[in-house]
Amino acid sequence: MSKTKRILIDIDGVLSNLTEAYLARLRKDYKVQINKVQLTSYFKEENIVSLTGLTEEEVLRPLRTPGFFQNLEPKNGAVLAVKSLIRKGYDVCIVSALMSKCPGCAGEKIEWLDKYFSMIPEKNVIFAYRKNLVVGDILIDDAIHNLKDFPNLKCVFDAPYNRGFKGDLRLRNWKKAVEKIEQVLNQK
Ligand SMILES: [Mg+2]
């Protein structure tokens with residue numbers, strides 16, 4: 001590699017199983033069944049309110065429960081893929097937005113990263129709403145609003161709410177993700 005390439009990776013819905021864990025909590029706490037495919041717009045409380053008839057306060061309660069973000073599971077293969085990208089010499093940075101309506105998530109996200117992704121140095125963790133302002137060769141994210149203004153390669157981590165967006169690469173999961181990411185980076 002001539003110049004070290006920087007890979008920016010989102011947490012929620014990319015490295016972590018936020019959506020699955022959240023829908024499970026809605027089932028458990030309110031007995032409402034939502035299937036992931038029903039989430040046709042990005043994970044937003046208005047979307048869940050309209051699907052369930054719950055109030056905004058009720059919809060946010062699971063996310064505000066202490067330990068929710070800390071107890072998420074990494075997606076299958078995510079830890080190995082990140083280790084492999086670092087081993088290959090890429091500058092891997094986390095770029096995650098904090099949820100202002102769930103202020104406790106900040107500390108929990110840091111602890112979660114330390115538990116599963118301690119191979120990523122603390123200085124490579126960036127909390128940002130406007131991810132397009134962060135300099136990187138590729139952004140791996142599930143939210144269209146983050147990807148659409150990003151100036152370099154856009155890698156969409158597949159979810160029902162982002163199927164209308166093309167991007168430069170779509171990852172359905174972390175299987176063979178490293179090869180696919182390298183392929184688009186090398187075409188650049
Ligand atoms: Mg996300």
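Which residues in H4 are buried? They are Ala78, Ala81, Val82 and Leu85, where buried means that 20 or more other C-beta atoms lie within 10 Å of a residue's own, with C-beta atoms placed from the backbone. These four cover an arc of only 95 degrees around the axis, so they sit on the same side of H4; the arc is taken from the directions that run from the helix axis to the C-beta atoms.

A quick word on the model: it is predicted, so local features need pLDDT of at least 70 and side-chain atom pairs count only at pLDDT 80 or more, while totals for chains, interfaces and linings use all residues. Residues are numbered from 1 along each chain as its sequence is written. Helices (H or I, at least four residues) and strands (E, at least two) are DSSP runs, numbered from the N terminus.

Back to H4. The cover over its buried residues includes E1, strand E2 (91-96) and H7, with contact meaning C-beta atoms, placed from the backbone, within 7 Å. After H4 comes Gly89, with a positive phi near 100 degrees.

Now take H7 (residues 177-187), where Ala177, Ile181 and Leu185 are buried. Seen down the axis, the buried residues of H7 fall within an arc of 65 degrees, so they line one face of the helix. The face turned away from that buried side carries Glu179, Gln183, Asn186 and Gln187, which are exposed (12 or fewer such C-beta atoms within 10 Å). Among the elements covering the buried residues of H7 are strand E1 (6-9) and helix H4 (78-87).

Conventions
Contact = placed C-beta atoms within 7 Å.
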